[in-house]
Amino acid sequence: MAGIHGGAESGAIHVAAVDLGATSGRVMRAIVTAERVEMVEVARFPNGPIERADGLHWDIEALRGHIMAGLRQAFADDPLITSVGIDSWAVDYGLVAEGALLGEPFHYRDDRCAAGVDAVHAVVPPRELFAQTGLQHLPFTTVFQLAAEIPERLAEAEHLLLIPDLVAFWLTGRAVAEVTNASTTGLLDPRTRAWNEALVERLGLPRRLLPALVHPGETIGPLTPAAAEALGAPEGLVVTAVGSHDTASAVAAVPFARREAAYISCGTWGLVGLETEHPVMTDAAYAANFTNEGGVDGRTRFLHNVMGLWLLSESVRVWEAAGERIDLGALLAEAAAVTGPVPVFDANDPRFLPPGDMPSRIAAALAEQGAEVPATRAAFARCIVESLAVAFAAAVRTASELADRPVEVIHLVGGGSLNHLLCQLTADRAGMPVLAGPVEATALGTVLVQARAYGLGGTLESLRALVARSHPPQRFAPRG
């Protein structure tokens, strides 16, 4: 909304959001009242893995520079901003000693994780680990990454800070762990939402690395004088804990109108599930590889990770690297026009996790099941989107069965809500309506949790009603 400005407005709360995704990041500023929420994008910047001699990392200094530049612009545009909230992808971390990082954080797609899985499971078998953590098995979960760490780095480190906590540390000097993101580490008890001290000790991990936990809405601290000066920030500006796992913030902004609803937070990953009051820790949930992660206001995000639009974006990257020019919007329009059946593949196949030649991997998967590989780019893209829709619909059905809760509508939020073909095919495959949007659900959740902490008040449900008024979703009805 280009018309947003920093002028005074009765009852208005002015905040900023740093929203970091696995392929891009953004800084947003917002004005929130009891009747509406308006956001403007101040900065958007690329993000992704970089290859170093020892594996895949994040270019954390480049990311830090983009964040600082974006916040400087936000404060210049709106001097009434009083709070900053930060969210990012989960599981990855920086090790800090004497206020400095001990090297670039590893990327969760780095292949070191395999050794960590073996090391952890040698001590705590998979079924028992689920009973301790409630988490779906993903080979890059923080606990596995830590088991693959260089022992000398762990010995030297003073703090383990997940990515949003690291950004907050840069700004405030305070080392904390926000609980929704901490719930993805495999080191948090999903019932008590406290660090699982017995598990940490059993795995031989240094307990001192795990900071004090904070909850969404709590103040982390004011900007340090150096950070305030570097950002040109107003005096007294604070960093506020939000649902710092981006999916926690996205789910907080899903405009649920009824309990019989599932969500899909769709970007690089597709996070598909239900919001529940308590973890679902059954044998069936373990067998289905579902996860229990922390949500805002003590809710549980009971969900399954599906590979998401990574399959499409990585395919487009490979095609463009070979010299083709791909207009994604045009490609999806051509994919929507494809007539006749296309083959589908298992979008959850672990071969699709690392970066690389995604089209060849998909072609190999299709060939293994005796399916013909699509001959055109449009048909290939349609095959990817159909496969995602199949995986999304299956995950919704499974979540409903495992939680013993009927589902009658699916909310699809995030960047995937702009992919109308995906929304329609998901409705078709699930046999129920899909309500698409908001696109910037994660940033909205980060904004609204701050606004509630500093005067807006209300319940999580009232925040969602505000989202629905400000960003009405688009409805896709199932066909056939």
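Which strands does helix α1 lie across, and at about what angle does α1 run to β3? Helix α1 lies across β1 (13–20), β2 (24–32), β3 and β6, and runs at about 145 degrees to β3. Contact here means heavy atoms within 4.5 Å. Axes are lines fitted to C-alpha atoms, for helices over the stretch in contact, and angles run from 0 to 180 degrees between N-to-C directions. Helices (H or I, at least four residues) and strands (E, at least two) are DSSP runs, numbered from the N terminus.

Colleagues, this is a predicted model, in which local features need pLDDT of at least 70 and side-chain atom pairs count only at pLDDT 80 or more, whereas totals for chains, interfaces and linings use all residues. Residues are numbered from 1 along each chain as its sequence is written, and side-chain values use heavy atoms, with hydrogens and water left out.

Six strands make up an open sheet of mixed pairing, in the order β3-β2-β1-β6-β13-β12; two strands pair if DSSP finds at least two bridges between them. At the edges are β3 (37–46) and β12 (219–222), each of which pairs on one side only. From one strand to the next, the twist averages 20 degrees. Within this sheet, β6 (residues 83–88) and β13 (residues 238–240) are parallel and share two bridges, with Ser 83 opposite Val 238 in β13. Helix α17 (residues 441–456) lies across β1, β2, β3, β6, β12 and β13, at about 145 degrees to β1.

I return to α1 itself. Its 18 residues (60–77) should span 26 Å at 1.5 Å a residue, and the end C-alpha atoms are 26 Å apart, which agrees; the expected span is 1.5 Å times one less than the number of residues. The buried residues of α1 are Ile 60, Leu 63, Ile 67, Met 68, Gly 70, Leu 71, Ala 74 and Phe 75. They cover an arc of only 165 degrees around the axis, so they are on the same side of α1. The arc is that of the directions from the helix axis to the C-beta atoms, and buried means under 20% relative accessible area, exposed over 50%, partly exposed in between (1.4 Å probe, protein chains only).

The next sheet is also open: three strands with antiparallel pairing, in the order β8-β7-β9. Its edge strands, β8 (100–101) and β9 (159–162), each pair on one side only. Four bridges connect β7 (residues 93–97) with β9 in the antiparallel sense, and Leu 95 has Leu 160 in β9 as its bridge partner. Helix α6 (residues 163–172) packs on this sheet, touching β7, β8 and β9, and its direction makes about 110 degrees with that of β9.

Finally, the aromatic rings. Rings of Phe, Tyr and Trp (its six-membered ring) pair if their centres lie within 6.5 Å; planes under 30 degrees apart count as stacked, over 60 as edge-to-face and the rest as tilted. The count by this rule is nine aromatic pairs. Trp 319 and Phe 380 are edge-to-face because their ring centres are 5.8 Å apart and their planes are at 80 degrees. This pair links distant parts of the chain, 61 residues apart: Trp 319 belongs to helix α12 (residues 310–321) and Phe 380 to helix α15 (residues 377–403). Both Trp 319 and Phe 380 are buried.
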